[in-house]
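Dear colleague,

Please find below the structure that I am handing over to you. My notes on its helices and on several individual residues follow.

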Amino acid sequence: MEVDEYRSKILELLLNAVDGDGKPRLTEKEAKELSNEFSDQELLDGMPFNTPEEVAEMLLDSGL
């Protein structure tokens with residue numbers, strides 16, 4: 001998987017994240033900002049160790 005695909009998958013997961021009431025956890029702007037928290041190099045370094053799902057969950061849990 002290329003870094004652009006990886007980042008796109010993270011964004012998709014962030015956009016689809018919902019709270020306990022089924023409401024979106026993030027606006028589109030917030031999701032885009034969160035998906036850009038890591039540089040391409042940081043994502044490349046972490047790709048062998050973290051799935052896009054894990055990265056998205058970490059970003060959601062970070063409270064950024």
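Helices here are DSSP runs (H or I, at least four residues), numbered from the N terminus.

Two remarks on the basis of these values are in order. The model is predicted, so local features need pLDDT of at least 70 and side-chain atom pairs count only at pLDDT 80 or more, while totals for chains, interfaces and linings use all residues. Residues are numbered from 1 along each chain as its sequence is written, and side-chain values use heavy atoms, with hydrogens and water left out.

Helix α1

The buried residues of α1 are Val-3, Tyr-6, Arg-7, Ile-10, Leu-11 and Leu-14. Seen down the axis of α1, these buried residues fall within an arc of 135°, so they line one face of the helix. The arc is that of the directions from the helix axis to the C-beta atoms. Buried means under 20% relative accessible area, exposed over 50%, and partly exposed in between (1.4 Å probe, protein chains only). On the face of α1 turned away from the buried side are the exposed residues Asp-4 and Asn-16. The cover over the buried residues of α1 includes α2, α3 (40-46) and α4, where contact means heavy atoms within 4.5 Å.

Arg-7, in α1, is buried, with a relative accessible area of 13%. Leaving out residues up to four places away in sequence, Arg-7 touches Ser-35, Asn-36, Phe-38, Ser-39, Asp-40 and Leu-43. Glu-5 also has its place in α1, but at 46% relative accessibility Glu-5 counts as partly exposed. Glu-5 and Leu-59 are 54 residues apart in sequence, and 17 Å apart in space from C-alpha to C-alpha.

The packing of α1 with α2

α1 and α2 pack at an angle of about 145°, with their axes 9 Å apart. Axes are lines fitted to C-alpha atoms, for helices over the stretch in contact, and angles run from 0 to 180 degrees between N-to-C directions. The crossing of α1 past α2 is right-handed. A crossing is right-handed if the near helix is turned clockwise from the far one by less than a right angle, and left-handed if anticlockwise.

Which residues meet in this contact? From α1 come Arg-7, Leu-11, Leu-14 and Leu-15, and from α2 come Glu-28, Ala-31, Lys-32, Leu-34 and Ser-35. By class, the residues of the contact of α1 with α2 are five nonpolar, one polar and three charged. Ala, Val, Leu, Ile, Met, Phe, Trp, Tyr, Cys and Pro count as nonpolar, Asp, Glu, Lys and Arg as charged, and the others, Gly among them, as polar.

In α2, the buried residues are Ala-31, Leu-34 and Ser-35. They cover an arc of only 95° around the axis, which puts them on the same side of α2. Their cover includes α1 and α4. Ser-35, in α2, is buried, with a relative accessible area of 6%. Its neighbours within four places in sequence aside, Ser-35 is in contact with Arg-7, Leu-11 and Leu-14.

Asp-40 belongs to α3 and is partly exposed, with a relative accessible area of 37%. Residues up to four places away in sequence not being counted, Asp-40 touches Val-3 and Arg-7. Asp-40 and Leu-14 are 26 residues apart in sequence and 18 Å apart in space, C-alpha to C-alpha.

Helix α4

In α4 (residues 52-62), Pro-52, Val-55, Ala-56, Leu-59 and Leu-60 are buried. Viewed down the axis of α4, its buried residues fall within an arc of 135°, so they line one face of the helix. Among the elements that cover them are α1 (3-16) and α2 (28-35).

Apart from residues up to four places away in sequence, Ala-56 touches Ile-10, Leu-13 and Leu-14. The C-alpha atoms of Ala-56 and Glu-12, which are 44 residues apart along the chain, are separated by 9.1 Å.

With kind regards

How values were computed. Helix = DSSP H or I, 4+ residues; strand = E, 2+ residues; numbered from the N terminus.
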